Amino acid sequence: MYFAKEVLSQSSELKKKWEDEVRRVVGKVPDQKARWSTVSDLEIRRLYGPDDIKDMDFVRDIGYPGQFPYLRGNQVTGYRGRYWTFRMFSGMGSAAETNKRWHMLLKEGQTGLSTAFDFPTLMGYDTDSPKARGECGKCGVAIDTLEDFLQLVDGIPMDEITTSMTINPPATVLWAMYCAAAQIKGIPLTKIGGTIQNDMLKEFIAQKTLMCPPEPSVRLVSDTVEFGTKYVPRWNTISISGYHIREAGSTAVQELAFTLRDGMEYVEDVINRKGLNVDEFAPRLSFFFNSHVDFFEEICKMRAARRIWAKVMRDRYKAKDQRSWWMRFHTQTAGCSLTAQQPYNNVVRTATQALAAVLGGTQSLHTNSLDEVMCLPSDHAVQIALRTQQIIAEETGAANTIDPLAGSYFVEALTNEMEEQTWEYINKIDEMGGMVAAIEKGFPQLEIADAAYKFQRQIDSCEKIMVGVNKYVTEEEIPIPLLEIDDKVEEDQIARLNAVRRKRDNKAVKKSLDDIKNACKKGENVMPSCIEAVKNMASVQEICDVYREIYGEYRDPGLY
Amino acid sequence: MAKRKIRVMVAKPGLDGHDRGARVLARCFRDAGFEVIYTGCHQTPAQIAASAIQEDVDLVGLSCLSGAHRYLFPQVVNLLKEKGADDITVIGGGIIPNQDFQKLYDAGIKAIFVPGTTLDTIVNWVNKNVKPVERK
């Protein structure tokens, strides 16, 4: 930022005076600790001033909302036209049970849906697979066939509400089910909107729902991008996710760097493999970040993210459409910051994390429930979490003005510092030959493992504090009601699946599975045959088994 | 003859991919001087039991955050028993509600560690309760 020479020299005089005073006071009242740092261990100075942002250029680095480099947001009117989408991630037990929870959330003022699937669905196995034993409905909703899916979206206005689905290796299958369900309800594909997570690279790096090796996994992602671009224009076909990278223990900068580099890998693959022009598909790329406990670090991370992506898209990929330069993102508060000890404190943690996400300019938000560290959220806990967002939107005034922290010496300096460190990582991964190559070397995995281990040691030594865990510990247990998924859900789900298998036309199923196989072999887009297959009631696993057969199976190498 | 080091296998049964705890623990065990084998995610109980025997470990540490521990943990103990390897100690950790503890102890899980436990607590428990056995 430009400061007049006199201002800088006055500032440096005053600063000297202040520093002398600091030394005097610290001599009497020493600082509580020698080093102050963010939760990611980024060192923070005692004070920031004009010196720290004097090299910034207002036009180049800051600007206005809706203008390059979008530091201050994509939307010219901020949150005044509409708030961020209140989108609670939810799914448990059977499709019918989850559908009930969805209707409850919509009644309570939620404005978008977000689906949590159980582990068998996430990994592309049917409920009756030996590998799936004990998992059905535990971490989300169990979906085996389109019949379950139709029950999931029963009574949901698919042409009005947008739905996000956290699904990765079987993303083509579950998205095909969404498309098929819409068509069955008479809603054209051009009218449906939503998001599939469909970010396979971060699965290898962090979340570990794995199926095929990296290269063919990216190929399936590109199929969805191409299909969406041509036939489902309101769909975000990838949600490039830092959330899980952070939950796996990364720093904020690592989350930013690996996520953006993943995004670049997809852009390159779609351009190279599908021959699409970057502006045809880039506007539908979306992102997903974590909002962790360190308030300012998170705000700066989100601001930096928008600015870096705008530069990447304009300068590296030569995108011309400004919508390609926009980074649109969803945010979820940090599950890993919650504690089983004194669980009501989690409400406070989630509230500050949600506020950081709003000040960082998120377009969509999930707030964790206080009990999520122990189980899937109960109705009451999820209602408090949703109300937290509504209080921030309607009561706190945080949404009154756009990017209210801009111009703060500290916030701008930290935003710049995080951007610089992110570029260092991006350059390093470029030198390795891209993200797939870096993953094959185990680079991001081990960087995260280092950070996670260091953090755990800092908690154990009380260098970092988690209230109720290593400080302010109370002996007595605080009981909260826990939602339990009955083991009977599994039995019922297997019965449903068998009933579908008995009544469907098995010849038609086989033919549509063969069509998918042929598409894979010929390098054609799998989506049309996938939609056909799910309409014929092919199961999630039957389709995923085709992918495993053709592309091979990937096993977690277990790096630590 | 030098005393044999404690051999530990950290294992992730089931489809759960939440491996942060397992990987941090594997590294901590290594730093504590144990010999460590980490299976990676998505192992079946049968795979875990077979590799535990093949690798001749003294301890298996199971980590599960998906809620499937009630089925998966006892399975591993039973399979080890069936194969005559019930001298291998099995412990567990992850998101385990209090009300499940007793059932898991009854099934033969020797200790359960949940979030908030320090790494040193776990290492100390292992040093106290697991003795490396010379097997023929």
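These are questions and answers on a predicted model and on the terms used to describe it.

Guide: Residues are numbered from 1 along each chain as its sequence is written, and chains are lettered from A and ligands numbered from 1 in the order in which they are written. In this predicted model local features need pLDDT of at least 70 and side-chain atom pairs count only at pLDDT 80 or more, while totals for chains, interfaces and linings use all residues.

Visitor: Why is B:A49 called buried?

Guide: A residue is buried if 20 or more other C-beta atoms, placed from the backbone, lie within 10 Å of its own, exposed if 12 or fewer, and partly exposed in between. B:A49 has 26 within 10 Å, so B:A49 is buried. B:A49 sits in helix α2 (residues 45-54) of chain B; helices are DSSP runs of H or I with at least four residues, strands are runs of E with at least two, and both are numbered from the N terminus.

Visitor: What is B:A49 in contact with, its neighbours within four places in sequence aside?

Guide: Contact needs C-beta atoms, placed from the backbone, within 7 Å. By that test the partners are B:V76, B:L79, B:L80 and B:K83.

Visitor: How many residues of chain A are in contact with chain B?

Guide: On chain A there are 34, in contact with 30 residues of chain B. The largest share of the chain A side, five residues, comes from α18(A).

Visitor: What makes β6(A) and β7(A) a pair?

Guide: Two strands pair if DSSP finds at least two bridges between them. Strand β6 (residues 238-241) and strand β7 (residues 285-291) of chain A have four bridges, in the parallel sense. One of the bridges joins A:I238 to A:L285. From β6(A), A:I238 and A:I240 point one way and A:S239 and A:S241 the other, and all are buried.

Visitor: How do you know that the span of α20(A) is close to the expected one?

Guide: The expected span is 1.5 Å times one less than the number of residues. Helix α20 (residues 506-522) of chain A has 17 residues and reaches 24 Å from its first C-alpha to its last, against 24 Å expected.

How values were computed:
Two residues are in contact if their C-beta atoms, placed from the backbone, lie within 7 Å.
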